[in-house]
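I opened the model today to look up a few packing details. My entries are below, in the order I made them.

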Amino acid sequence: MKNKHNKLYGFALILLSICFAGCTKDFNQQPLNANTSEIQYSTPAGYKEVLAKVYGSYSLVSSTGVGNSDINFPGITDAGTTDFLRAYWNMQELTTDEAVCAWNDAQLLSFHNLNWTSSNIYIGAMYTRSLYQITVCNEFIRQSTDELLAKRGIKGQDLEDVHRYRAEARYLRAFQYWVLMDLFGNPPFVTEKDPIGKFIPKQIQRKDLFDYIVSELKDIDGALAAPHTNEYGRVDQAADWALLARIYLNANIYTGTNSNDYYTNAITYASKVIGAGYSLMPTYKNLFKSDNNLNNPEVILPIAYDGVNASNYGGTTFLICSAHGTDPTDNKAYGIPSGGWLGNRSTKNLPDLFSQAGDTDDSRALFGPGSADINDILVFNEGESVYKFDNTASNGSTPPSPDGVLCSTDFPLFRLAEMYLIYAEAVARGGQGGSTATALGYLNLLRERAYGGHQGDLTSYDLNTILDERGRELYWEGFRRTDLIRFGKFSGNNYLWPWKGGVKAGAGKDSHFNLFPIPASEIISNTNLQQNEGY
C-alpha cells in the first residue's frame, strides 16, 4: 500500500543513525556514517539517500528501529515520545480543550493543567527533535553548494536534481524553525554557515526569526518543483506557499506588530495554493485512513508513515492507539487488532462544537464511546474518544503491521481546507486582495462536504465563526494551541474548558504560558540563551 513512500523513505532505513549527543554545544554536528561525507556525497544517488534521511527524521525516531532514538534528552526512556508528530501534538493539543490524557504521568498532566516547568521532558523532546532535524538539514545544505557539486563532477540533470533537493532541505529547516518560533519564541539559531563541532549557538529573537523564515521560503520558491510534480511526500511550491500563508496569519503574534499587511500576505499565499489545482477529498473521514496516500486531491504535504517499512510508536500510531481502549471488536474495526493504549480523549467542548446550531449531522464529528463530562482526568472512559484517525483503508481492509499496532496512516501537514480557512480569517481581519463573498464560498465548501449538501450553508460569518469552524475541521491535527493564542483565548479567563489550569470547571492562567520554556538543561549548557519570561 505504501510503495509511494518507499521510493524515498526506504533509503532512510539503510542509513546509519546520525549522531546527536546534545542540542546546544553539539547542535551542528556532521553525520557519522561508515562512509565519509566525501564517499556518501560522491554520487547523485548518495545525495538522494541523505535526502531520505532529511525527510525520514520527520516520520522515524531513528534509522535503527522503533526502540532507539536519534536524539538524547535527559529523562527520556521511551523512544516513541521523541517522534516529531507525537511531541508536537502533545504540546499543541493536550494544552487545549481538544484533548486530555488519562495516563498518570505528572509531566503529561501538566500540559492540560498549564503548569509545566522548564524541566518537563516532553518539552525537551520537542525542542531537541526540532534542533536535530535542523542539524540534519544544515549538513545536507552544507554538502550541496555549487562548489562541492562541481568538485564532485555532478552536472546536467543530476545537478538540477540536487539543487532541488537542497531547496527542499531549506524548506524543511524553515519549517522546523517555524515550529521553534511558535512554541518557544526565541530559540538558538544555526545555519550551514556556522562552524561544525563544539559550537555554541546564539539566540535569535522571535521577530528576527520570523523575518529569516519568510526570507528563506520566498528565496527557494523558484527552485522547488511545481505543485503536483514532485514525488509523493516531498516538498513542492504549494507546500512553500502553504507555510507562508500559515505564518502570515500568525505574524502579529510572532512579530509583536499589528499590521493588516500580514493578513494581505496570508490571502495572497493561500490564494496561490487554492489556485494550484487542489480539491477537497469528497469524504472527510477518508483523509485520515491508511490509504490516504492514494488519489487524495486535498493534501499538499504529508508526513508518511508505514507500519512495516517506516514505523515508530509516535506519529499516527500514537494518535490512533492512544484514542482506543481494550475492546477487541473496536480495535479490529480501526485497524489495530492487538489493542489500544487507553490514553487520549477530548473534553466536552470539542463534541459540543458539533451540537451547536443543529450541527449533529456534521460528518466530521468522528467520536467514539465515552462520557461527556470528566470528573476524574485519570479515568479513560470519561471524556469522548476521538476516532478521527483510522488504520483501516477506505475499502475496509487493514494494512500489514508487524505487531497489529503499528499504523500506516499518513498525517496531513498541509491540506486545502486549511487554506480556505486562512483566506476567510485573513479577510475578516482586514487583509486586502480577497473578498467576503469568496471567503464565504470557501467556508460553505467545507460545510457542504460535512453535511452532504447545502443545508449547513452560512449566509455570513465573523471571527468567532472561523474559530469554531477551524475546531470542527482541523481538530486533533495540531492547530488548537496556536489558534487559541491568536484569538486571545488560550491563557486568561476569556475562554475556559474542563480542567483548564487543573480545575474541573476551568481556570485562567498567566499569559507567560503562551510560550513554552527553553529546557533548563539548555539554559545551563548554553550561556547565550535567556529563558522566556515567567520561567
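**Ground rules.** I am working with a predicted model, where local features need pLDDT of at least 70, side-chain atom pairs count only at pLDDT 80 or more, and totals for chains, interfaces and linings use all residues. Residues are numbered from 1 along each chain as its sequence is written, and side-chain values use heavy atoms, with hydrogens and water left out.

**Helix pair.** I looked up H16 (residues 416-428) and H18 (residues 463-474). Helices here are DSSP runs of H or I with at least four residues, strands are E runs of at least two, and both are numbered from the N terminus. The two axes come within 10 Å and cross at roughly 170 degrees. Axes are lines fitted to C-alpha atoms, for helices over the stretch in contact, and angles run from 0 to 180 degrees between N-to-C directions. H16 and H18 are therefore roughly antiparallel, a label for angles over 145 degrees.

I then checked who meets whom, with contact meaning heavy atoms within 4.5 Å. From H16 come Ala-417, Glu-418, Leu-421, Ile-422, Ala-424, Glu-425 and Ala-428; from H18 come Leu-463, Ile-466, Glu-469, Arg-470, Glu-473 and Leu-474. These contact residues divide into eight nonpolar, no polar and five charged. Nonpolar means Ala, Val, Leu, Ile, Met, Phe, Trp, Tyr, Cys and Pro; charged means Asp, Glu, Lys and Arg; the others, Gly among them, are polar.

**Aromatic rings.** My search of the whole structure gave 39 aromatic pairs. Rings of Phe, Tyr and Trp (its six-membered ring) pair if their centres lie within 6.5 Å; planes under 30 degrees apart are stacked, over 60 edge-to-face, and the rest tilted. I picked Phe-210 and Tyr-248, an edge-to-face pair at 6.1 Å centre to centre with 80 degrees between the planes. Phe-210 is in helix H9 (residues 206-220) and Tyr-248 in helix H10 (residues 237-249), so the pair ties together parts that are 38 residues apart in sequence. Phe-210 is buried at 3% relative accessibility, and Tyr-248 is buried at 4%. Buried means under 20% relative accessible area, exposed over 50%, and partly exposed in between (1.4 Å probe, protein chains only).

I also noted one aromatic cluster made of Phe-111, Trp-116, Tyr-127, Phe-184, Phe-513, Phe-516 and Tyr-535.

**Charges over rings.** The charged end of Lys-272 sits over the ring of Trp-241, 4.5 Å from its centre. Arg-429 lies over the face of Phe-487, at 4.7 Å from the ring centre. My cut-offs were NZ of Lys or CZ of Arg within 6 Å of the ring centre and within 35 degrees of the ring normal.

**Backbone.** Most residues other than glycine have a negative phi. Leu-342 has a phi near 55 degrees. I found Leu-342 in the loop between helix H14 (328-333) and strand S5 (344-345), partly exposed at 37%. Trp-499 has a positive phi of about 70 degrees. Trp-499 is in the loop between helix H19 (480-486) and helix H20 (520-525), and counts as buried at 16%.

**Two single residues.** Met-91 lies in helix H4 (residues 84-93) and is buried, at 0%. Leaving aside neighbours within four places in sequence, Met-91 contacts, among others, Phe-111, Phe-184 and Phe-516. Asp-403 is in the loop between helix H15 (349-355) and strand S6 (411-415), and is partly exposed at 28%. Not counting residues up to four places away in sequence, Asp-403 touches Tyr-313 and Ser-338.

Terms used:
Parallel < 35°, antiparallel > 145°, perpendicular 65-115°, else oblique.
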